[in-house]
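Please open the model in a viewer and keep the selection tool at hand.

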Amino acid sequence: MANDPLPLILRAQVGDRESFAALFGQYKNLVYKTAYLTLGDRLDAEDVLQEVFLQVHKSLASFDPRRGAFTTWLYRITINYCLNHRRRRSLVSVPLDDDELTSEFPGRQLAEEEAIWQAIRRLSDKQQAVVVLRYYWELSYADVAQILEIPLGTVKSRLDLALKTLRRVLEEQEAHSGSATEMKVPHEL
Amino acid sequence: MNCEQVQPLLVSYLNHETTPSERALIRAHVSGCAACEQEIARLSAVQDQVRSALQRRAAHAVPSPEAWNRLEAKLAKVAQPSPDRFGTWLSRLAPGVSHLVTQLFLGGVTMRNRLIFTTLATVALAIAAAVFMTKTATPVSAKEILQQAYTVQAATNPTQGIDHIRSELYSNPEALPESQGQTRIIESYNDLESGNYRIVTTDSQNGKVVSVYAQDGSNTYTSEGDKAGLGTTSNAPLIIYRTPQDIANVGIQKRLQSSERLEAKNIFDRMYNAPEVQFLGQETWENGRTVYVLKSQQEVKVMEKDETARPIGWVTIYFDVNTYEMLGNQVAVEKDGKEIVVSSQRTLTDEILPAETNVAWDLSDLQGVNLVDDTQDEHSLPEIISLEELLATAPTPYLLKTVPDGFSLEITAAFPEPGSGKPYFYNATYRQEAEYFSVRVWGIPVKDADWVKEIYTTANGLVMYLLTEQGGEWTSAQVETPEGLTLAVVSTFPPETFKAWAEEIVLAK
């Protein structure tokens, strides 16, 4: 397997900077996109990318493949950093996203997508994590459970709640045919 | 199954995450229930929309091209938290603060000095933000001033003498009412030829030394960090670790030289969308110099309890009208109708001293500090154990029979508490300058043949699986021992030398 990280990990573990750079190159998007989709802010995602790989560098020597795949470990560190990052931030207002959607979207689709995106932003931290891992990275429930260190049943219920919340937002969006509206986040698991 | 039982399972059903029996029951129910069938269709559509929204957002989100450079600089700083020489335009532009900027963006941060770092970083970020965003702002005069400052300072790059900068820094990260912040003096000397430097931070109220970084040509000096955080009430002397430079500082200077420059661009990128900058005119600075005053409204970081908040605040910067040096700055926020200064910085001294100036690079002039020899740089490294400790603790310590001539042996290890169920770990590295041969515990069984290039067995029964390499001068292998343990061996040697050394690996007890 061309992208198997094991040889790189082995060498990075003994201090080889080039191998660590290669690991970074191979997995930076995993970390960055997860952070961006979870936090909704590119600058925050940049920060998390730095923090996560500093942590990886620090802990790589003790990384033990018997306890799980490298990517599982990396997702877990990333999600934990994102949750902590969010916790530290004021949650009074949801940060405006810095993205500029291109004009290729018809207005209605744009509005719906924006509504979904903002609705994801308003999900609880824990629900957001399962949504991103499942619907962006297409990870199995078992993988998500392992990454988040939660029971499989909790993955199911979080995803169920999250999706139904998002559905309601879309329905409200359709009803108002305008911008995203306030919503109530269901009880956090 | 009825609707009430089926509906909580529908999302899992759509994701093929139900058991076969659940699936059969759901199908049976849905085939006769229009409401649940409709619900499935609706949830499926929502899933598609969520996927689409995430994919589209993520497609445009890629890390900064400078991300690796930033990280590499941070890693270098972590390995040796000594600042580089202050020869870049950034440091000349913001003397006294550049170290803080370096700490913030190049990552000279450890957990133990995190608190003070956060404070200083707040200031540094705001200052850096202001400096770089103004360069792109629309008002012509502000832009011109910044452009001039950039050009002049970039060209100011003395190569001889001793760069001496003394700054006063006021920090009030929680935006407390006036004068409740902390004022510190940061004094740096940097020998532009030899690379010797010293940076000493003191509390301006009691004169206590709170942090130190230095290098005198033989040793590096690193303080344990600002243990007291924002306060310096502790009477305990600051511990400063003295480590031979050849152990502590390999290749750091060069990396940081380039990374600072790259970091400057990164800061610029970060501030690209910041608001405009106003040119407020000229003022007389306290030492009689005339300064340009630039002010901008922007997001600044303040601490609210233990959390970081980002209110909109004001950043004011003062540039010398003749030299375009940045002489000072101030960051303020509005709170309860009042403007509260969150931080301010003033340059007290900024000069190039003659190269022969006598500077105590070895910190021998400092009072109230405790100098501790740390010849192996142990305070900044993972736990290192002796060979005897490894032999006494590890059940199956595979090592080379002897330490080869000219090589040193370093062992790091982690032995979990008995009964914890966690595996033990050790890594033994034989090193001679850039060459090394490393043996470590590697728990994963050899199973994926795709990246195994060659298998051979040593005379003492170790099965070596040489791995396919991805470029570079490397050989690595996974090793199965007769006891069923998996090791990893990594080396800078070519395969034949690697194999010869592997023949010398034995169970050391």
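## Chain B as a whole

Begin by selecting chain B: of its 509 residues, 53% count as buried, where buried means under 20% relative accessible area, exposed over 50%, and partly exposed in between (1.4 Å probe, protein chains only). The model is a predicted one, in which local features need pLDDT of at least 70 and side-chain atom pairs count only at pLDDT 80 or more, while totals for chains, interfaces and linings use all residues. Residues are numbered from 1 along each chain as its sequence is written, chains are lettered from A and ligands numbered from 1 in the order in which they are written, and side-chain values use heavy atoms, with hydrogens and water left out.

Colour chain B by secondary structure to display its 13 helices and 24 strands; helices (H or I, at least four residues) and strands (E, at least two) are DSSP runs, numbered from the N terminus. Among the contacts in chain B (heavy atoms within 4.5 Å) with a separation of 6 or more, 59% are between residues 24 or more positions apart.

## Two loop residues in chain B

Most residues other than glycine have a negative phi. Select B:Asp336, whose phi is positive, near 50°. B:Asp336 lies in the loop between β12 (326-335) and β13 (338-353) of chain B, and it counts as exposed at 77% relative accessibility.

Next select B:Leu363, where phi is again a positive value, near 65°. This residue lies in the loop between β13 and β14 (369-373) of chain B. Is B:Leu363 buried or exposed? At 5% relative accessibility, B:Leu363 counts as buried.

## A helix pair in chain A

Move to chain A and select helix α2 (residues 17-39) together with helix α6 (residues 125-136); they pack at an angle of about 130°, with their axes 9 Å apart. Axes are lines fitted to C-alpha atoms, for helices over the stretch in contact, and angles run from 0 to 180 degrees between N-to-C directions. The two helices, α2(A) and α6(A), are therefore oblique to each other: angles under 35 degrees count as roughly parallel, over 145 as roughly antiparallel, 65 to 115 as roughly perpendicular and the rest as oblique. To view the contact, show A:Lys33, A:Thr34, A:Leu37 and A:Thr38 in α2(A), which meet A:Gln128, A:Val132 and A:Tyr136 in α6(A).

Side chains of opposite charge can pair when their charged atoms come close. A salt bridge is a side-chain nitrogen of Lys or Arg within 4 Å of a carboxyl oxygen of Asp or Glu, and the count over all chains is 15.

Select A:Asp160 and A:Lys164, which form a salt bridge at 3.1 Å, N to O. Both residues belong to helix α8 (residues 152-176) of chain A, four residues apart, about one turn of the helix. A:Asp160 is buried at 11% relative accessibility, and A:Lys164 is buried at 18%.

Continue along helix α8 of chain A to A:Arg167 and A:Glu171, also four residues apart. The closest N and O atoms of their salt bridge are 3.8 Å apart. A:Glu171 is partly exposed, at 37% relative accessible area, whereas A:Arg167 is buried, at 16%.
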